[in-house]
Amino acid sequence: PPLVVIFVAAVVIAGFFVWVGEYVKTTSEISKEDVLELMRAIPELKADAIVEQGDRVIYYLRRNGIATRQQLVEFVNATDCLNTIRRLYHDHLKRPMGNNLDPIAVADYGARLYASGRSHRMIEDLAKELDYHYRNGSR
């Protein structure tokens, strides 16, 4: 019986430390490692581009309200937002469908759209901004 109590206590303590580790990991501020790991799930984003633009990506994500790992996980899995940005980039910057996003586009435009709940007003604002960029040479 005393060995069983010690074993159960050890399992409970170990489980607690695993839980604390996961809690800290999901609620702590995003890091470059988080950005690289999670944004690589977006098919057209290349690891070297994510690493190269990592500081700017983190800046735009945080500016647009995505500050924790858990928020980044939810954002990266928001395919409706990413698909809307893909469509906007195709329609307004004339980029080909299917491979038209870059890390900054996702962190800035995608995060703004996500934070707005994909509001019609935000989609209109982003379309106008992309039209402006297209007229001034951005592709």
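**Figure 1. The whole chain and its elements.** The chain contains eight helices and zero strands, where helices (H or I, at least four residues) and strands (E, at least two) are DSSP runs numbered from the N terminus. Read from the N terminus on, the elements follow the order α-α-α-α-α-α-α-α. This is a predicted model, in which local features need pLDDT of at least 70 and side-chain atom pairs count only at pLDDT 80 or more, while totals for chains, interfaces and linings use all residues. Residues are numbered from 1 along each chain as its sequence is written, and side-chain values use heavy atoms, with hydrogens and water left out. Of the 139 residues in the chain, 35% are buried; buried means under 20% relative accessible area, exposed means over 50%, and partly exposed lies in between (1.4 Å probe, protein chains only). The chain exposes about 8,400 Å², of which carbon and sulfur atoms supply 60%, with accessible areas taken from the Shrake-Rupley method with a 1.4 Å probe, and for residues only the protein chains shown count as cover. Among the contacts (heavy atoms within 4.5 Å) in the chain with a separation of 6 or more, 70% join residues 24 or more positions apart.

**Figure 2. The largest nonpolar core.** A nonpolar core is a set of buried Ala, Val, Leu, Ile, Met, Phe, Trp, Tyr and Cys residues joined through side-chain atoms within 4.5 Å. The largest such core has 35 residues, and Val35, Met39, Leu61 and Leu72 are the members that touch the most others. Two or more residues of this core come from each of α2 (32-39), α4 (54-63), α5 (69-76), α6 (79-93), α7 (103-115) and α8 (120-135). With seven residues, α7 gives the most to this core. Not counting residues up to four places away in sequence, Leu61 touches Ile30, Val35, Met39, Ile66, Leu72, Phe75, Ala107 and Ala111. In soluble globular proteins, nonpolar side chains tend to be buried together.

Figure 3. Val76 is found in helix α5 and, with a relative accessible area of 9%, is buried. Leaving aside neighbours within four places in sequence, Val76 is in contact with Leu38, Met39, Ala41, Ile42 and Leu82. Val76 and Val35 are 41 residues apart in sequence, but their C-alpha atoms are 9.8 Å apart in space. Arg40 lies in the loop between α2 and α3 (47-52), and the C-alpha atoms of Arg40 and Val76, 36 residues apart along the chain, are separated by 9.3 Å. Apart from its neighbours within four places in sequence, Arg40 is in contact with Val35, Ala47 and Ile50.

**Figure 4. Thr84 and Arg118.** Thr84 lies in helix α6 and counts as buried, at 3% relative accessibility. When neighbours within four places in sequence are left aside, Thr84 is in contact with Leu113, Arg118 and Ile123. Arg118 has its place in the loop between α7 and α8, and at 34% relative accessibility Arg118 counts as partly exposed. Although Arg118 is not a glycine, its phi is positive, at about 60°.

**Figure 5. Lys94 in its loop.** Lys94 is found in the loop between α6 and α7, where it is exposed, with a relative accessible area of 51%. The phi of Lys94 is near 60°, a positive value in a residue other than glycine. Most residues other than glycine have a negative phi, and most peptide bonds are trans.
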